[in-house]
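Hi,

Here is the structure I promised to pass on. Have a look at it first, and then read on for what turned up.

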There are 2 protein chains.
Amino acid sequence: VEILDQTRLPREEVWLDGSDPDHMIQHIKALSVRGAPLIGVAAAFSLGCFAQRGHGETAIRSAARRLVDARPTAVNLRYAIERQLLAFDRSGPDAIMREAIAQFQEDVELCENMAQRGAALIHEGEGILTHCNSGGLATAGVGTALGVLIRAHQLGRGIQVFVDETRPLLQGGRLTAWELSRHGVPFTLITDSMAPVLMRQGRIQRVMLGADRVAMNGDFANKIGTYGVAVAAAYHGVPFHPVAPRSTVDPHCATGDDIPIEEREAHEVRGAHGGFGSLSWAPADAPVFNPAFDVTPASLITSMVLDNGVLSREALAAGALRNLLDQPGTHRRESVHV
Amino acid sequence: VEILDQTRLPREEVWLDGSDPDHMIQHIKALSVRGAPLIGVAAAFSLGCFAQRGHGETAIRSAARRLVDARPTAVNLRYAIERQLLAFDRSGPDAIMREAIAQFQEDVELCENMAQRGAALIHEGEGILTHCNSGGLATAGVGTALGVLIRAHQLGRGIQVFVDETRPLLQGGRLTAWELSRHGVPFTLITDSMAPVLMRQGRIQRVMLGADRVAMNGDFANKIGTYGVAVAAAYHGVPFHPVAPRSTVDPHCATGDDIPIEEREAHEVRGAHGGFGSLSWAPADAPVFNPAFDVTPASLITSMVLDNGVLSREALAAGALRNLLDQPGTHRRESVHV
């Protein structure tokens with residue numbers, strides 16, 4: 001199992017070994033591997049490798065727990081590992097890797113379905129804002145929101161993407177800009193503070209971005225800054241769509257208040273750090289607030305694009321996510337505790 | 001005339017010679033000297049030095065024009081130079097430096113008046129968001145919005161300031177954080193994308209920030225990102241106050257549409273550059289949108305704090321800025337063309 005080190009992009013393409021769960025945990029914490037769906041799949045493969053090396057049940061369960069704790073906000077990670085432990089209980093250690101492979105294939109399919117459903121919403125010539133990175137670097141497939149935008153471009157919709165850089169970790173400026181370049185999608189890079197001006201100027205007709213965890217009422221957690229984009233979109237009447245696979249929906253969270261928000265280290269905000277180099281510009285002792293995610297209430301969503309449906313604000317308010325999770329192919333509601 | 005190089009702060013305190021207008025123009029363009037009021041005063045001193053060196057009228061008028069063109073959005077610069085040329089017409093070359101000294105003293109007084117009027121609006125224990133830098137580094141005196149916050153702290157109001165870093169040039173993270181540290185004002189540094197979350201959490205009770213140019217209807221230009229802060233404040237019902245001296249009001253601009261907005265170079269958004277170092281993280285050919293300022297409509301202002309009055313949204317809409325400019329001590333409406 002090798003993963004592309006996303007802290008080094010776009011400067012270098014460096015692959016890291018991920019066959020050991022404790023190494024994978026370090027990669028997840030360092031954001032070398034990121035994106036809620038991809039974290040789940042990557043962690044699943046590392047647990048699969050671990051089981052194949054002949055470790056016993058106690059060691060497997062302990063590694064599983066450590067993996068789940070590596071990223072508390074992303075629910076896909078917990079589900080991926082829970083599914084593997086269920087498979088292990090039923091069929092023994094080899095089932096752990098089989099389950100990882102199945103999850104990988106599923107994620108590719110989920111991305112295809114989201115890309116199709118999302119692209120159908122996009123009109124000719126739209127300017128579309130996205131935040132953070134929700135592309136092939138965040139999933140096993142073509143991506144969630146970014147997959148939609150790439151598909152719309154390939155379908156000849158003539159879109160223009162506005163990429164906000166996504167401070168403090170700059171996933172937009174580094175990763176989304178790099179992916180859109182590679183796919184030949186026209187884009188413009190902006191700072192996070194510029195999106196409201198472009199909305200006022202009528203240059204942004206739609207917002208599409210990912211989700212790290214979706215509560216049952218449609219509230220969702222995503223990269224810090226998402227809530228501000230949602231507020232600006234609502235103020236300007238710009239349609240706003242999170243794009244996420246079913247695996248991102250957490251039946252244990254009734255509302256966004258139930259989603260834990262990870263806080264990260266102060267030095268990230270005092271400067272910029274990554275494979276591209278390291279700089280600090282703020283006073284070294286400046287007190288900092290640095291939540292990795294924020295929660296956007298469902299009331300600000302125009303519609304949510306899932307792999308198996310597009311849900312309007314009204315449908316979300318009426319509890320439609322419950323019905324979607326009940327559809328065939330959804331493994332996520334089984335109750336396991338890691 | 002020496003100016004503190006603001007691109008080197010907070011790492012180093014380096015003073016630059018500003019007695020030659022063409023050097024001063026370079027300092028203004030490089031943002032070594034910045035802040036609408038300070039740019040005006042600094043440019044005025046450089047023209048004063050130039051005149052004292054015995055240059056003739058043609059050379060003085062030519063230097064004056066080049067200085068005015070150095071920063072199109074900041075109107076204080078144009079007024080400062082226009083006043084000097086009027087003084088020159090009346091009293092000859094020595095009047096140019098006398099006028100610079102008078103402007104410096106005036107700016108100190110204007111700041112005092114704003115600090116008093118603004119601090120009177122602030123309640124005990126408030127969390128107050130500010131954007132960019134509007135302190136002693138932006139004026140000859142204690143500052144505009146930041147002067148208000150420092151005064152409120154000195155008066156024992158127990159405020160907590162939230163400083164957004166202000167991408168791309170990081171005046172908040174570098175300069176405002178440094179000034180607040182020096183004055184012992186409690187603050188928290190955040191990225192620009194975090195302010196809406198803090199408003200939603202009820203941790204920000206007020207927004208105070210500067211203005212680079214104010215139109216007669218109350219619309220104002222300020223550092224890029226101000227408009228987004230205004231939208232978020234309006235959405236959350238948080239009072240929003242630009243703080244500016246009369247010299248920032250431009251009688252030639254009926255509305256914000258008349259304010260020219262300078263666009264800056266793409267590399268600023270592709271990375272971070274300054275006296276603290278230089279880094280690029282985005283693809284080197286990423287297309288960029290980089291306006292230095294944006295315009296906030298008067299309809300989003302709760303009240304505007306000027307040195308000689310506090311004007312509510314309703315007063316602004318009723319044309320109160322016209323009356324304020326008619327008050328004694330306002331030199332700004334004389335019609336000169338540089």
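To start with, which residue does Arg167(A) form a salt bridge with, and how far apart are the closest N and O atoms? The partner is Glu165(B), and the closest N and O atoms are 2.6 Å apart. (A salt bridge here is a side-chain nitrogen of Lys or Arg within 4 Å of a carboxyl oxygen of Asp or Glu.) Arg167(A) sits in the loop between strand E4 (160–164) and H7 of chain A, and Glu165(B) in the loop between strand E4 (160–164) and helix H7 (171–183) of chain B, so this pair joins two chains. Helices (H or I, at least four residues) and strands (E, at least two) are DSSP runs, numbered from the N terminus. Buried means under 20% relative accessible area, exposed over 50%, and partly exposed in between (1.4 Å probe, protein chains only).

Some housekeeping before the rest. This is a predicted model, where local features need pLDDT of at least 70 and side-chain atom pairs count only at pLDDT 80 or more, while totals for chains, interfaces and linings use all residues. Residues are numbered from 1 along each chain as its sequence is written, chains are lettered from A and ligands numbered from 1 in the order in which they are written, and side-chain values use heavy atoms, with hydrogens and water left out.

Now the interface. Chain A and chain B each put 55 residues into the contact, where contact means heavy atoms within 4.5 Å. The area buried between them is about 4300 Å², and carbon and sulfur atoms give 71% of that. (Buried area is the accessible area, with a 1.4 Å probe, that two parts lose on being put together, summed over both.) Tyr227(A), Trp281(A) and Phe289(A) supply 18% of what chain A buries against chain B, more than any other three residues.

Between chain A and chain B the count is two salt bridges. There are also 10 residue pairs in polar contact across this interface, both residues at pLDDT 80 or more. A polar contact is a pair of N or O atoms within 3.5 Å; within protein, one must be able to donate a hydrogen and the other to accept it, and residues adjacent in sequence count only if both atoms are side-chain atoms. Several elements of chain A give two or more residues to the side that touches chain B, including helix H7 (171–183), helix H9 (226–236) and strand E12 (293–296). H9(A) gives the most, with six residues. By class, that side of chain A has 32 nonpolar, 13 polar and 10 charged residues. (Ala, Val, Leu, Ile, Met, Phe, Trp, Tyr, Cys and Pro count as nonpolar, Asp, Glu, Lys and Arg as charged, and the others, Gly among them, as polar.)

How do the copies relate? Chain A can be laid on chain B with an RMSD of 0.0 Å by a turn of 180 degrees and a shift of 0.0 Å along the axis. That is the relation of a two-fold axis. The same surface serves both copies, as 100% of the contact residues of chain A recur in chain B. The copies were superposed by least squares on the C-alpha atoms of residues with pLDDT of at least 70 in both.

Arg53(A) is partly exposed, at 44% relative accessibility. Arg71(A), Glu262(A), Arg264(A) and Glu268(A) are linked in a network of salt bridges.

Last, a look at chain B. Helix H9 (residues 226–236) of chain B is largely enclosed by the rest of the structure, because eight of its 11 residues are buried. One of them is Ala233(B), at 0% relative accessibility. Leaving aside neighbours within four places in sequence, Ala233(B) is in contact with Met199(B), Val207(B), Val238(B) and Phe240(B). After H9(B) comes Gly237(B), whose phi is positive, near 70 degrees.

Cheers
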